[in-house]
Amino acid sequence: MAAGEGNAIEFIDVHKWYGSFHVLRAVNLTVARGERIVVCGPSGSGKSTLIRCVNRLEEHQRGTIRVDGVELTADVGRIDEVRREVGMVFQQFNLFPHLTILENCTLAPIWVRKTPKREAEELAMKLLTRVKIPEQALKYPGQLSGGQQQRVAIARALCMNPKIMLFDEPTSALDPEMVKEVLDAMTELAQDGMTMIVVTHEMGFARKVADRVAFMDQGEIVEINAPAEFFASPQHERTKLFLSQILR
Amino acid sequence: MPAPTNANGTYLRLASGPVLPPPLFSSGGIAWMRANLFSSFLSSAITLALVAFGLWTAPPLIAWATTQAVWSAPDGALCRAHQDGACWAFVAQKLEYLGYGSYPAAERWRVDVVEIVGAGLIAWMLWPRAPRRGLGAALFFLGFPVLAFVLLHGAESLRLPLVDTLLWGGVFVSLLTALVGIVFSLPIGVLLALGRRSNLPIVRAASVVFIEFVRGVPFITVLYMANNMLPLFLPPGWVPDRFIPPLVGTALFAAAYMAEEVRGGLQTLDKGQYEGAMALGLGYWRMTGLVVLPQALTRVIPGVVNNFIGLFKDTTLVAIVGMTDFLAAMDNAFKDTVWSGPTILATGYVFAGLFYFVFCYGMSRYSAAMERRLAVGRTG
């Protein structure tokens, strides 16, 4: 794996189909190390599919995807190598309900990274403290609020010490009063220099945190720009239409 | 009283109300009976009818089994003279045979040791608060089979005379068959269920064929097939003990049912659980062992135990291929002309029924307790 040099993620002419439905069309995107990219767009535009291709929860059928210098192919060993370095936070949290919060966080470090149990627990407690819920460590996910569960999910992903973090609509399933606590945790992570791709409709977060904002529609990346320009003077008609619909 | 709303429809609460306990709708047994047993004319009639039925049937049954019963007798004569009571003397007389079959009397202590060690290890492994349960499980799954084989079958080097399986019989054969079936059917069933959901076409096809074939034929057919076909799969000249095929048949038959039970559990799992595990870099086997199966198996405990109970009772069918299980031993005991009489069959079958009931009800209660235990704090 190329260390410290090159780009974090490269999409080169990537296509994907669901059956005959062309869901990703000629996607080109380069994410530099330490860069924060927010991806927005109407539902069904392919934004989730795009980031799920990064850790190969979805397969692309044409083009090249390189993550931290490793090209994604059907090679299972490479896929696992990439997944170890890429953390992901889902809309529905996807915590393991049969394990405590602490066990959720230590599972992968212990079994995948072979970290000694005590060391994994110390790291987990440190990260749970960072997302401000160390006192929940011995509870089960079902006993926590949505916002707390999502913060656990962030801590769980960070426990693998990833180089890249993917966020797939992390606040869409939350009650409104819990959105802020999750966004705060993500903002803090961004300030520490993590490479992040965030699919979200939280335009306030995009303005504040993103280095670039990408707009997707109908499987294509339509426009990418720095947030100030993106919101102030969108170029493409479809971007303008989308922004006029969500920024009322 | 309506809430004090201003004339224009606005409202502002000025003081918080007190937090009150819930009202008491019922108090004591009388209120409970009124609500649950005598809530209407029909409900009262049903209650009284069922009570009357109980009073009519239960006392004669209890008297048959206790006060009218013959508890000890040298032979069947006393039982033939007391036909309105059970003949427990018969059961007492045959108890040794029912427990060990024709296992040589001098060697029966070996069966006792296996049964006691086995029961102890099972209790150790299954009792939630026992210390070092993992060690208990390891001893049970690795050490116990060796101990059981050496003691039951015998080993010349240890001066334990060999006991031909032809002589094995009674309770310990039933327990052994059930135990082998239970211990092997669950893991084989889990593998078959995973195989049936596998992405590998050949693994999937093989699992489907096995499950559908074994499920599609009667258990007795499986037993006959195991008896006659197992030698075909073994190296030439290697003849399995007559005891082995029924055990293999039982385990495989139960495994096919178990597979479908487990598959049902796997299907209740949300896709997000797989994705969450994969995104963390867990490979297939770790994801399956650490995330998928713990949840899927917990959800199918009632069905799995249901299969165990069915399996336990199905062990009576191994008598068809010549094994003397507990029920077959009972049937053999009936052939003793010294103990022939009208009450003896009834007594024997009631006793056999009680034996199976105790084990099955025990499994049922244990699974209910486990369900409650595992449900704590894990909802949502």
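A cavity here is a set of grid points where a 1.4 Å probe fits but cannot get out, and its volume is the space filled by probe spheres set on those points. A pocket, by contrast, is an open set. One caution before I start: this is a predicted model.

**Entry 1**

I listed its lining and found residues of both chains: Gly87(A), Met88(A), Ala153(A), Arg156(A) and Ala157(A), along with Ala279(B) and Leu280(B). Strand E6 (86-89) and H5 of chain A each give two or more residues to this lining. H5(A) has the largest share, with 3 residues. Sorted by class, I get 5 nonpolar residues, 1 polar and 1 charged.

Then I turned to the largest cavity, which has a volume of about 50 Å³. Its lining is made up of Leu127(A), Arg130(A), Val131(A), Ile154(A), Leu158(A), Ala185(A), Glu188(A) and Leu189(A). Three helices of chain A supply at least two residues each: H4 (117-130), H5 (146-158) and H6 (179-191). Which of them gives the largest share? I noted H6(A), with 3 residues. By class, the lining holds 6 nonpolar residues, no polar ones and 2 charged ones.

**Entry 1: the largest pocket**

Next came the open spaces. The largest pocket has a volume of about 1600 Å³. It is lined by 38 residues, and those closest to its centre are Ile122(B), Met125(B), Leu126(B), Ile182(B) and Phe308(B). The elements giving two or more residues are helices of chain B: H5 (108-126), H6 (133-153), H7 (171-196), H12 (284-299), H13 (301-314) and H15 (342-375). I checked which one gives the largest share, and it is H7(B) with 10 residues. What does the lining look like by class? I count 32 nonpolar residues, 4 polar and 2 charged.

**Entry 2: the second largest pocket**

The second largest pocket has a volume of about 860 Å³. Of its 26 lining residues, Ser198(B), Asn199(B), Met278(B), Tyr284(B) and Met287(B) lie nearest the centre. Here chain A comes in too: helix H2 (76-85) of chain A gives two or more residues, as do H7, H11 (271-279) and H12 of chain B. H12(B) has the largest share, with 5 residues. The classes split into 15 nonpolar, 5 polar and 6 charged.

Phe141(B) belongs to helix H6 of chain B. The C-alpha atoms of Phe141(B) and Val183(B) are 8.5 Å apart, although 42 residues separate them along the chain. Is Phe141(B) buried, exposed or partly exposed? At 43% relative accessibility, Phe141(B) is partly exposed.

**Entry 3: two positive phi angles**

Last, I looked up backbone angles. Glu169(A) has a phi near 45°, positive in a residue other than glycine. I found Glu169(A) in the loop between strand E7 (164-168) and H6 of chain A. Its relative accessible area is 13%, and under 20% counts as buried, so Glu169(A) is buried.

Arg159(B) also has a positive phi, near 60°, and is not a glycine. Arg159(B) sits in the loop between H6 and H7 of chain B. Buried or exposed? Arg159(B) is exposed, at 76% relative accessible area.

Technical notes:
Residues are numbered from 1 along each chain as its sequence is written. Chains are lettered from A and ligands numbered from 1 in the order in which they are written. This is a predicted model: local features need pLDDT of at least 70, side-chain atom pairs count only at pLDDT 80 or more; totals for chains, interfaces and linings use all residues. Side-chain values use heavy atoms; hydrogens and water are left out. On a 1 Å grid over the protein atoms alone, a cavity is a set of points where a 1.4 Å probe fits but cannot get out, and a pocket is an open set with protein on both sides within 12 Å along at least five of seven lines; lining residues have an atom within 4 Å of a point. Helices (H or I, at least four residues) and strands (E, at least two) are DSSP runs, numbered from the N terminus. Ala, Val, Leu, Ile, Met, Phe, Trp, Tyr, Cys and Pro count as nonpolar, Asp, Glu, Lys and Arg as charged, and the others, Gly among them, as polar. Buried means under 20% relative accessible area, exposed over 50%, partly exposed in between (1.4 Å probe, protein chains only).
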